[in-house]
Amino acid sequence: MKVLIVAKTHMFDRACVGAMVYDTGQSIRLLQPDCSNQPEDTPFNVGQVWDLEFRKRPNPIPPHVEDVLVLQQRYLGIQQNLAIFLRRKIKPWVGGPSVLYQGLLRFTPSGSGYISREVGIPGCSTGYWIPDRPLRRFTTAQNKTRYRYESNSSPVCITYVGFQPSIDVIPAGTLVRVSLARWWAPENSEVEERCYLQLSGWYN
């Protein structure tokens with residue numbers, strides 16, 4: 001099946017690769033046959049078109065329902081005018097962070113967005129967003145790159161996990177891709193498992 005690579009993000013010492021079924025726009029995440037993520041040196045890169053044989057991951061854990069296992073792959077070429085192509089294929093969320101993931105996001109005091117089972121699980125873990133305000137880059141004390149969405153109440157801060165070099169400001173109206181990290185909870189903590197909001201990349 002013909003697919004387009006739309007995201008490539010850091011995940012520990014691996015790469016999480018997001019893709020789209022070329023004809024339908026269906027979102028998929030490309031895993032190896034053993035259900036592990038792709039290696040960091042995976043040949044899959046954003047903007048590439050591939051012919052893949054894949055099957056759905058058995059027993060996916062929502063909201064990560066996009067997982068597929070890649071069995072065979074053949075490189076086809078590069079998609080020209082990627083941002084224009086995507087805008088024709090997808091229905092992005094438009095507005096502030098509250099429009100993301102069916103309104104199920106909650107936010108920590110520091111501005112990190114997340115979903116939890118207590119509040120509800122959205123029907124997907126990946127999506128496209130056109131923010132109505134700029135996203136401004138800053139670096140945390142832990143040397144993580146984050147982007148701040150300035151709101152009238154409190155700022156929302158999203159960790160950037162993509163491979164493409166970060167930029168100072170992502171202008172309002174830019175098409176960006178967001179995703180939810182896998183379920184996680186701190187050790188020896190009463191905090192419930194959460195899936196945290198991440199910024200995967202943007203398209204100019």
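The questions and answers below concern this model.

Author: The model is predicted: local features need pLDDT of at least 70, side-chain atom pairs count only at pLDDT 80 or more, and totals for chains, interfaces and linings use all residues. Residues are numbered from 1 along each chain as its sequence is written, and side-chain values use heavy atoms, with hydrogens and water left out.

Reader: Which strand gives the most to the lining of the largest pocket?

Author: A pocket is an open set of points on a 1 Å grid over the protein atoms alone where a 1.4 Å probe fits, with protein on both sides within 12 Å along at least five of seven lines; lining residues have an atom within 4 Å of a point. The lining here holds 32 residues, and Lys144, Val161, Ala181, Tyr196 and Gln198 lie nearest the centre. Strands (DSSP runs of E, at least two residues, numbered from the N terminus) that each supply at least two lining residues are S1 (2-11), S2 (14-21), S13 (156-160), S15 (175-180) and S16 (194-203). The greatest contribution, five residues, comes from S16.

Reader: What is the volume of the second largest pocket?

Author: Its lining has 15 residues, with Gly25, Ser27, Cys124, Thr126 and Gly127 nearest the centre, and strand S10 (residues 126-131) gives the most, three residues. A volume is the space filled by probe spheres set on the grid points, which are joined across faces, edges and corners. For the largest pocket the volume is about 810 Å³. For the second largest pocket the value is about 260 Å³.

Reader: Is histidine 64 buried or exposed?

Author: Histidine 64 lies in the loop between strand S5 (48-56) and strand S6 (67-78). Buried means under 20% relative accessible area and exposed over 50%, with partly exposed in between (1.4 Å probe, protein chains only). Because its relative accessibility is 2%, histidine 64 counts as buried.

Reader: Which backbone oxygen lies 2.9 Å from a polar atom of the side chain of histidine 64?

Author: A polar contact is a pair of N or O atoms within 3.5 Å; within protein, one must be able to donate a hydrogen and the other to accept it, and residues adjacent in sequence count only if both atoms are side-chain atoms. The side chain of histidine 64 reaches the backbone oxygen of alanine 181 at 3.1 Å. The oxygen at 2.9 Å belongs to leucine 180.

Reader: How far apart in space are glycine 127 and leucine 100?

Author: Glycine 127 is found in strand S10 and is buried, with a relative accessible area of 9%. Contact means heavy atoms within 4.5 Å; not counting residues up to four places away in sequence, glycine 127 touches Trp93, Tyr101, Val176, Arg177 and Val178. Glycine 127 and leucine 100 are 27 residues apart in sequence, and their C-alpha to C-alpha distance is 8.3 Å.

Reader: What is the angle between the planes of tryptophan 93 and tyrosine 101?

Author: Rings of Phe, Tyr and Trp (its six-membered ring) pair if their centres lie within 6.5 Å; planes under 30 degrees apart count as stacked, over 60 as edge-to-face and the rest as tilted. By this rule the count is eleven aromatic pairs. Tryptophan 93 and tyrosine 101 form a tilted pair, 4.8 Å centre to centre, with a plane angle of 55 degrees.

Reader: Why is the pair of tyrosine 128 and tyrosine 203 tilted?

Author: The ring centres of tyrosine 128 and tyrosine 203 are 6.2 Å apart and the planes stand at 45 degrees, so the pair is tilted. This pair links distant parts of the chain, 75 residues apart, with tyrosine 128 in strand S10 and tyrosine 203 in strand S16. Tyrosine 128 and tyrosine 203 are buried. The reason for the label is the plane angle of 45 degrees.

Technical notes. Helices (H or I, at least four residues) and strands (E, at least two) are DSSP runs, numbered from the N terminus.
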